Amino acid sequence: MDNHVETRRFSLESRRYIGCKTKLVDWIFALITEQTHDVHSFCDIFAGTGVIAHRALQMYERVVVNDFLYSNNIMYRAFFAPTEWSNERVQSIIEEFNSIKPNKVRENYFSKNFGGKYFYNDTAKIVGYIREKLTRMRPNLTEKEYAVLLASLIYSIDRHANTMGHFDAYHHKAPTAHQFMMRMIDVESYNGVEIHREDANHLARSVDVDLTYFDPPYNSRQYSRFYHVYENLVQWKKPQLYGIALKPKEENMSDYCRNAAFSAFTDLVSHIKSRYLVVSYNNTYHSKSTSSENKIKLEQLEEVLNKCGHTQVFNHEFKAFNSGKTEFDDHREYLFITEVDDEKRNRSFPAVLRR
C-alpha cells in the first residue's frame with residue numbers, strides 16, 4: 001500500500017461550496033455555548049457541506065443532519081454514519097481505480113457530456129468508468145463503503161473542475177491537463193447521528209431537539225442547479241442535458257430561493273419542536289447581482305424570530321463568495337439565537353399551526 005496516498009485524505013471542509021461556514025464555525029459555536037444551556041440534541045436542518053453538523057457531533061449526544069441534495073446526503077453517510085465498512089477494502093479499490101489508464105477507457109456518458117468542458121477529457125473518461133464500476137460493485141459493498149467511494153470520487157475531482165466552484169457555468173478556457181488520482185476522504189463514525197434527505201419544512205414536523213441550526217439559501221441560486229453535476233453523478237440516472245451548462249430538467253427546487261422564502265421560513269420555525277433556534281444570515285441583499293439578492297430581509301427574519309421567543313442578534317465581518325458581479329462595502333454574517341417561548345409562538349402563528 002502506498003502510505004503517502006493513505007495519509008493524504010480529504011477533510012470534510014476541503015470541498016468547494018457556496019455559503020460554506022468553515023471559516024465561521026468557531027464563532028458560531030462560541031456563541032451557542034455562551035448563550036444556551038443544557039443542550040444535548042442538535043439539528044442542522046439545511047446542512048450543506050456538513051461542517052456545522054460535524055462540530056455538533058463532537059459536542060452533543062444526538063445530532064440530526066438533513067439536506068435535500070443527493071450529493072450532500074452521500075457525504076453525510078460517508079463521513080458520519082456508524083455503519084460497517086472496511087478501510088482496507090476501500091483503499092484497495094481506490095488503488096485499483098488509480099491504475100486505470102485513460103487510453104484503455106471508452107468514451108462514456110460522463111466524458112461525452114462533461115469532458116473538455118467541466119473536466120479534462122481523460123479525467124472525465126475515468127470518472128465515468130469508475131461510476132459505472134461502482135454501480136456494478138454496489139451489491140457487494142456495505143452502504144458505508146459505497147458512500148465513502150462515491151464521496152471520495154467527488155472530492156477527488158472537485159479541485160480539478162474547470163469552474164469557479166459550482167456548475168452554473170464552466171470556464172471558456174479548456175480544462176488543464178492532469179493525471180487523475182483518487183484519494184479517500186477522512187472517514188469518521190458517530191453513533192448519535194441521524195441522517196435525512198428531506199424537505200426541511202416536512203422534516204420540521206417530526207423533529208424534537210434542544211437546538212436547531214438554520215442556514216437556508218437566501219437568494220435565487222438553486223443549489224440543485226449549481227451542483228447538478230454531482231447530483232447527476234450520485235443518482236446516475238444519466239438524464240438528457242440541456243443548454244450550455246449541461247443541466248438536466250429541474251428537480252429539487254427550493255422555495256427558499258423564490259419569493260415564497262419568507263412564508264416558507266415562517267412555516268418552518270413555527271412548527272419545529274426546539275428549545276433554541278439558531279439562524280445564520282448574511283446581508284447579500286445589498287448586492288448588485290440579482291442572483292445574490294436576498295429573498296428574506298434581515299428585518300423580516302428578526303420580526304418572525306421575535307414572535308418565537310427572546311431573540312439576540314450577533315454579527316461578524318465575513319468575506320462571502322463572489323462570482324465577480326457582486327460588490328459589498330461591509331459584508332457581515334449575522335447569527336440570531338432565539339430561546340423559544342412555546343406559548344408566545346403559538347399565539348403568534350395560530351393560522352400556520354392549524355395547517
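Modeller: Happy to! Accessible areas are calculated by the Shrake-Rupley method with a 1.4 Å probe, and for residues only the protein chains shown count as cover. On that basis the protein chain exposes about 16200 Å², with carbon and sulfur atoms supplying 46% of it. Do keep in mind that this is a predicted model, in which local features need pLDDT of at least 70 and side-chain atom pairs count only at pLDDT 80 or more, while totals for chains, interfaces and linings use all residues. Residues are numbered from 1 along each chain as its sequence is written, and side-chain values use heavy atoms, leaving out hydrogens and water.

Of its 355 residues, 56% are buried, that is, under 20% relative accessible area, with exposed meaning over 50% and partly exposed in between (1.4 Å probe, protein chains only).

Now the rings. Phe, Tyr and Trp (its six-membered ring) count as a pair when their ring centres lie within 6.5 Å, with planes under 30 degrees apart called stacked, over 60 edge-to-face and the rest tilted. That rule gives 19 aromatic pairs. One of them is Tyr109 with Trp236, an edge-to-face pair at 5.6 Å centre to centre and 90° between the planes. This pair links distant parts of the chain, as Tyr109 sits in helix α6 (residues 109-114) and Trp236, 127 residues apart from it, in the loop between α11 (228-235) and α12 (261-271). Both Tyr109 and Trp236 are buried. Another pair, Phe119 and Phe167, is tilted, with 6.2 Å centre to centre and 40° between the planes. Phe119 belongs to the loop between α6 and α7 (121-137) and Phe167 to the loop between α8 and β3, so this pair ties together parts that are 48 residues apart in sequence. Phe119 and Phe167 are both buried. They also belong to one aromatic cluster, whose members are Phe110, Phe114, Tyr118, Phe119, Phe167, Tyr170 and Tyr230.

Some rings have a charge over the face, meaning NZ of Lys or CZ of Arg within 6 Å of the ring centre and within 35 degrees of the ring normal. Arg197 lies over Tyr70 in this way, at 3.8 Å from the ring centre, and Arg138 over Tyr146 at 4.0 Å.

Arg138 leads us on to helix α4. Arg77, placed in that helix, is in contact with Arg138, and also with Glu143, Lys144, Ala147 and Ile195, leaving aside neighbours within four places in sequence. Arg77 counts as buried because its relative accessible area is 18%. Its side chain makes a polar contact with the side chain of Glu143 at 3.4 Å. A polar contact here is a pair of N or O atoms within 3.5 Å; within protein, one must be able to donate a hydrogen and the other to accept it, and residues adjacent in sequence count only if both atoms are side-chain atoms.

Tyr76 is buried, with a relative accessible area of 0%. A polar atom of the Tyr76 side chain lies 2.6 Å from the backbone oxygen of Gly48. Beyond residues up to four places away, Tyr76 touches Ala47, Gly48, Thr49, Gly50, Val65, Asn66, Asp67, Ala81 and Ile195.

Val187, in the loop between α8 (143-158) and β3 (193-196), touches Phe79 and Trp85 among others, including Ala78, Lys144 and Val148. From Val187 to Ala78 is 6.6 Å, C-alpha to C-alpha, although the two are 109 residues apart in sequence. Val187 is buried because its relative accessible area is 14%.

Definitions and conventions
Helix = DSSP H or I, 4+ residues; strand = E, 2+ residues; numbered from the N terminus. Contact = heavy atoms within 4.5 Å.
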